[in-house]
Amino acid sequence: TCALRSKQWYQRRVRGVPAALKTYATCPLHLLIYTSLQHVLHDHTPLKTAVPNACVSATFSSLSVILLTNPLDLVCTRMYNQKRNAYYSNVRECVQLTLEREGWRGFWKGTTANFLRTAPHMIITIYTWDWLRRRGLELQMMETDMGDS
């Protein structure tokens, strides 16, 4: 029973690892797309002020990342929610059956809900990150100016 408890403890701890790995992989992508869009919008549109620019950039950043990662989310969710290999015995089988039953479109099921959940979160998070970054640069410049005098 001790070995069984140990195995169950390990499985509960490892169960969330794929979601964490996806988060680690998508954060740099979010920031890259956000920053690139922010510069493009600032240079080529009337969106020069921080808040509207950040909202539009974060929204499109979220949309692009969701479109890229939704198939992975779908497979992970289906594997995670089944009871003891009831539907799929492995990831490959899940992908094959989804493709056979639902076609390519099946991998993007739930994209709208995912976007509606993620976009507001990303707008707030990325705008806060951007504000803190700009504030840090301002403080750094003030310290430099004070050191020069």
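## Salt bridges

A salt bridge is a side-chain nitrogen of Lys or Arg within 4 Å of a carboxyl oxygen of Asp or Glu. By this rule the structure, a predicted model, has five salt bridges. One of them joins Glu102 to Arg78, with the closest N and O atoms 3.0 Å apart. Glu102 belongs to helix H4 and Arg78 to helix H3, so this pair ties together parts that are 24 residues apart in sequence. Helices here are DSSP runs of H or I with at least four residues, numbered from the N terminus.

Glu102 also forms a salt bridge with Lys109 (3.3 Å, N to O). Glu102 counts as partly exposed because its relative accessibility is 27%; buried means under 20% relative accessible area, exposed over 50%, and partly exposed in between (1.4 Å probe, protein chains only).

## A pair within helix H5

Another salt bridge joins the side chains of Glu138 and Arg135, at 3.3 Å from N to O. Both residues lie in helix H5 (residues 111-148), three residues apart, which means that about one helical turn separates them. Glu138 is partly exposed at 41% relative accessibility, and Arg135 is partly exposed at 35%.

## The two sides of helix H4

Helix H4 covers residues 91-102, and its twelve residues should span 16 Å at 1.5 Å a residue. The expected span is 1.5 Å times one less than the number of residues. The end C-alpha atoms of H4 are 16 Å apart, in agreement with that value.

Cys94, Leu97 and Thr98 are buried in H4. They cover an arc of only 105° around the axis, so they are on the same side of H4; the arc is taken from the directions from the helix axis to the C-beta atoms. The buried residues of H4 pack against H3, where contact means heavy atoms within 4.5 Å. On the other side of H4, Arg92 and Glu100 are exposed.

## A nonpolar surface patch

Phe60, Leu63, Leu67, Leu99, Trp104 and Trp108 form a nonpolar patch on the surface, and together they have about 600 Å² of accessible area. Patch residues have over 30% relative accessible area and no salt bridge; nonpolar side chains (Val, Leu, Ile, Met, Phe, Trp, Tyr) are joined within 5 Å, and like charges within 9 Å. Areas come from the Shrake-Rupley method with a 1.4 Å probe, and for residues only the protein chains shown count as cover.

Helix H3 (residues 50-81) gives the most to this patch, with three residues. Leu67 is located in H3 and counts as partly exposed at 40% relative accessibility.

## Basis of the values

Residues are numbered from 1 along each chain as its sequence is written, and side-chain values use heavy atoms, leaving out hydrogens and water. In this predicted model, local features need pLDDT of at least 70 and side-chain atom pairs count only at pLDDT 80 or more, while totals for chains, interfaces and linings use all residues.
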